[in-house]
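This briefing is intended for a reader who is new to the structure displayed here. Please keep the sequence and the model in view while reading.

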Amino acid sequence: MAAFKELVFSGVQPTGNLHLGNYLGAVRRFVALQEQYDCIYCVVDLHAITAELYQPELKSQIREVTAAFIAAGIDPKKHIIFNQSQVSGHAELAWIFNCVARLGWMNRMTQFKEKAGKDRENASLGLYAYPSLMAADILLYRATHVPVGEDQKQHLELTRDVAQKFNNDFAAPIAERGHADGFFPLTEPLIGGPAARVMSLRDGAKKMSKSDPSDFSRINLTDDGDAIAAKIRRAKTDPEALPSEEAGLAGRPEAENLVGIYAALSDRTKAEVLAEFGGAQFSAFKAALVDLSVDRLGPIGAEMKRLKADTTYIDGVLREGSERARAMADATIAEVKDIVGFVRG
Ligand code: AQP
């Protein structure tokens, strides 16, 4: 990895209902990483149309994710925040990666199977090719680290496979251009912490998701205190008291989920949370979780709403971020075209 400048890239789809899982699994970690790395955070609007084509609220959803990034604490002056569709290199590199990635690799992607469901013949080609575009998003900036929730692990592995195959297949022109360690880095996923996979509040076996039809399954970042309290109070649990040690959470997915959320929001481990709440009934634990959640999420939701209404500011952040991203992307695309062997007149 030594040959590549350390750089963080990640993205969030503007598909509405940004939730606690997106925040704890991704956005909050984006904020922490900006102290240590140069970061690029992208509102991946090209991805957003893969499942549902016409979304009348798309513009508003793009501004909402941008507002969430800033409200959570990402500094758009020091780092880059932009929306994918404003930098054409994403789509260009994705096409080349469509020719690098193998059908066998794509057929193994579990997210496609889950999102396409039973009606696979009717899924869009874009949904199928989603991981190839995601590889392009990351490698366009030759990013070395990608913070994501656990659900994206398989796509990160595919990104590494694409980089490796491109580096191998074009080894000669890449070496001629002086890239001793290959052209693309083998990007490291940054996955972890007590909330790498936040589960639905209604079903501990399903991940918290924007597309779940039940709004009670998730805490939206724009929910007010009353809504957060109502959702946590109605969250599914079991009849037992909380255990004192983590081993006692085995086979209790709903309890494990709520303890994980509490741990992440209070910057503690699950073991530390259980050391405090072991033996407590869920009624008491949920009351503490409501207070903590409202305290941590309330200010972010309020700031998101304020920022989102200021479309001039938000659109300015995206425009400026896109200009900075485009300069980096254009340099990569020019080199990739040379490596592949396209003539530039
Ligand atoms: N439940 C989750 N727990 C932890 N991390 C999560 N992420 C998503 N859900 C959870 C992480 O959030 C980032 C942005 O996700 P995305 O919007 O780009 O795509 P997604 O993973 O498809 O999100 P959803 O909410 O699950 O949307 P739908 O319902 O459309 O499928 C990613 O880093 C993701 O890992």
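Predicted model: local features only at pLDDT ≥ 70, side-chain atom pairs only at ≥ 80, totals over all residues.

Residues are numbered from 1 along each chain as its sequence is written, and side-chain values use heavy atoms, with hydrogens and water left out. Helices (H or I, at least four residues) and strands (E, at least two) are DSSP runs, numbered from the N terminus.

**Helix α7**

- Because 13 of its 15 residues are buried, α7 is largely enclosed by the rest of the structure. Buried means under 20% relative accessible area, exposed over 50%, and partly exposed in between (1.4 Å probe, protein chains only).

**Loop residues with positive phi**

- Most residues other than glycine have a negative phi.
- Asn17 has a positive phi, near 55°, and is not a glycine. Asn17 lies in the loop between β1 (7–12) and α1 (20–33), and is partly exposed at 33% relative accessibility.
- Arg142, also not a glycine, has a positive phi of about 50°. The loop between α7 and β4 (145–147) holds Arg142, whose relative accessible area of 22% makes it partly exposed.

**Aromatic rings**

- The structure holds 15 aromatic pairs. Rings of Phe, Tyr and Trp (its six-membered ring) pair if their centres lie within 6.5 Å; planes under 30 degrees apart count as stacked, over 60 as edge-to-face and the rest as tilted.
- Phe166 and Phe183 form a tilted pair, with 6.5 Å from centre to centre and 45° between the planes. Phe166 lies in helix α8 (residues 153–169) and Phe183 in the loop between α9 (171–176) and β5 (188–190), so the pair ties together parts that are 17 residues apart in sequence.
- Phe166 is buried at 0% relative accessible area, and Phe183 is buried at 0% as well.
- Tyr262 and Phe277 form an edge-to-face pair, their ring centres being 5.2 Å apart and their planes at 70°. Tyr262 belongs to helix α11 (residues 253–265) and Phe277 to helix α12 (residues 270–277), so this pair ties together parts 15 residues apart in sequence.
- Ring pairs link Phe97, Phe166, Phe170, Phe183 and Phe184 into a cluster.

**Charges over rings**

- The charged end of Arg142 sits over the ring of Phe183, 4.1 Å from its centre. This description requires NZ of Lys or CZ of Arg to be within 6 Å of the ring centre and within 35 degrees of the ring normal.
- Arg234 lies over the face of Phe216, at 4.0 Å from the ring centre.

**Ligand surroundings**

- The ligand is surrounded by 22 residues, the closest being Asp151, Lys207, Ser209, Lys210 and Ser211; a residue counts if one of its heavy atoms lies within 4 Å.
- A polar side-chain atom of His19 lies 2.6 Å from an oxygen atom of the ligand.
- In the side chain of Asn22, an N or O atom is 3.1 Å from an oxygen atom of the ligand.
- Gly149 has a backbone N or O atom 2.9 Å from an oxygen atom of the ligand.

Definitions and conventions. Polar contact = N/O pair within 3.5 Å; in protein donor to acceptor, adjacent residues only side chain to side chain.
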